[in-house]
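This report walks a new reader through selected side-chain features of one protein model.

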Amino acid sequence: MSDESYIQLAIEIAKKGMGNVSPNPLVGCIIIKNDKIIGVGYHEKFGKNHAEINAIESSHESVEGSTLYVNLEPCSHSGNTPPCVDKIIEKKIKRVVIGTLDVNPLVSGRGIKKLKTSGIDVKVGVLEKQCTELNKFFFKYITKKNPYVTLKAAQTLDGKIADVNGNSRWISSSMSRKIVHQMRSKYDAVLVGSGSVEKDDPRLTVRLTEGRNPKRIILDTHLKLKTGYKIFQNNADKKLIVITSEKSIKKTAKLNELKSLGVQILFAKENKKKLIDLHSALEEIGRINIASILVEGGGKLLSSFIKENLFDDISIFIAPKILGGGVDIFSNLGIKNIHNAFQINIDNVEKVGDDVLIELSK
């Protein structure tokens, strides 16, 4: 097998850690000796052994003289675990093939330098694009200290996310809804506005597929939401977060009611419209180690993220339906001229059930 084949295998193995390692990166590792795989490992859980250590410890024979394949540069600093490069050097591994550099300032390039200084043959940049895509959440978070933001919506052919009465169930097909639940399991948190809670009474959990439930975040500027909704009453895992205005700190009774339900409260600044300032909200989300969020609407919230240019990519499920009226997916962006329109790149288009999924990025 080629270097590319082994790095591709490392990528697939790394995905096993999805949902369990954030805000750390997804990392997989393969150890080859005499054209045979002798060790395999991945980063299984935040705070636990890194992929390289697990791969070395899984080997039933000496790894001396072997080649180690890993999708991300091995760490060279002490954190929750000792430096991986030290173990690689100690075990006298002969060659290390790396998918991409780690953008973490504590690591970037230093791990490679230390390996080379120790006489280990190092190759970098194998399937680099795929390796970078795998850890796009981590790369954004570690460099910006803000979460990676994906906007998600289901719309009709004429761009409506609900009818004139605000009903949106169900615009998309059952297959599309299953894909959405799969998406939720991959993100640290799902975010909605208080209006979506009032209209849809969502649970924002993973039910139609296997996977762990993300944290649920509600933007509620003035703490006006009543706690009878499903999202409050089904918070046994204590993963619900409410972001409210700094001015709400005086609402002691409501804050105590939320805390009694296991809700975590974050305080953010208000913007000129007396709503939650999204920049401030994302900063607060980043401070509690949430590296990725899936924004599920509604239209006003999605539009605000677009207008403020605070998103990284968009996933839109388009159903073969026409309403002719209703709630627009995006509105009030303040754009008057076609030349000032947001330019979005189409990354992928695929048929999902009766719908079409379009994945876009900036």
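I37 is found in strand β2, which covers residues 36-42. The model shown here is a predicted one. With a relative accessible area of 39%, I37 is partly exposed, and together with L9 and V40 it forms a nonpolar patch on the surface, the three having about 200 Å² of accessible area together.

For V295, the contacts, not counting residues up to four places away in sequence, are V149, T150, L151, K152, L191, L301, L302 and F305.

Helix α6 spans residues 136-144, and its buried residues are F138, F139, K140, Y141 and I142. These buried residues pack against several elements, namely β3 (67-72), β4 (95-100), α5 (128-134), β6 and α11 (278-287). The helix is followed by K145, whose phi is positive, near 60°.

How many aromatic pairs does the count give? The count comes to 4 aromatic pairs. A pair of aromatic rings is described by the distance of the centres and the angle of the planes. Y148 is buried, its relative accessible area being 9%.

F137 also pairs with Y187, again in a tilted arrangement, with 4.8 Å centre to centre and 45° between the planes. Here F137 lies in helix α6 while Y187 lies in the loop between α7 (174-186) and β8 (189-193), so the pair ties together parts that are 50 residues apart in sequence. Y187, at 7% relative accessibility, counts as buried. Through these ring pairs F137, Y148 and Y187 are linked into a cluster.

**Salt bridges**

The count of salt bridges comes to 17, and three of them are listed below.

| Salt bridge | Closest N and O atoms |
|---|---|
| K15 with E12 | 3.3 Å |
| K136 with D313 | 3.2 Å |
| D188 with R212 | 3.8 Å |

In the bridge between K15 and E12, K15 counts as partly exposed at 37% relative accessibility, and E12 likewise counts as partly exposed, at 39%.

What does the bridge between K136 and D313 tie together? K136 lies in helix α6 and D313 in strand β13 (residues 313-318), so the pair ties together parts that are 177 residues apart in sequence. K136 is partly exposed, with a relative accessible area of 23%, whereas D313 is buried, with a relative accessible area of 8%.

The bridge between D188 and R212 joins two loops: D188 lies in the loop between α7 and β8, and R212 in the loop between α8 (194-200) and β9 (215-219), so the pair ties together parts that are 24 residues apart in sequence. Is D188 buried or exposed? At 12% relative accessibility, D188 counts as buried, because buried means under 20% relative accessible area. R212, by contrast, is partly exposed, with a relative accessible area of 21%. Beyond this partner, D188 touches S22, P214, K215, N289, I290, A291 and S292, among the contacts found when residues up to four places away in sequence are not counted.

Elsewhere, salt bridges link D3, R95, D121 and K123 in a network.

**An exposed loop residue**

N332 is exposed, with a relative accessible area of 69%. The C-alpha atoms of N332 and K307 are separated by 8.4 Å, and the two residues are 25 residues apart along the chain.

Notes
Residues are numbered from 1 along each chain as its sequence is written. This is a predicted model: local features need pLDDT of at least 70, side-chain atom pairs count only at pLDDT 80 or more; totals for chains, interfaces and linings use all residues. Side-chain values use heavy atoms; hydrogens and water are left out. Patches are made of residues with over 30% relative accessible area and no salt bridge: like charges are joined within 9 Å, nonpolar side chains (Val, Leu, Ile, Met, Phe, Trp, Tyr) within 5 Å. Accessible areas come from the Shrake-Rupley method with a 1.4 Å probe; for residues, only the protein chains shown count as cover. A salt bridge is a side-chain nitrogen of Lys or Arg within 4 Å of a carboxyl oxygen of Asp or Glu. Helices (H or I, at least four residues) and strands (E, at least two) are DSSP runs, numbered from the N terminus. Buried means under 20% relative accessible area, exposed over 50%, partly exposed in between (1.4 Å probe, protein chains only). Contact means heavy atoms within 4.5 Å. Rings of Phe, Tyr and Trp (its six-membered ring) pair if their centres lie within 6.5 Å; planes under 30 degrees apart count as stacked, over 60 as edge-to-face and the rest as tilted.
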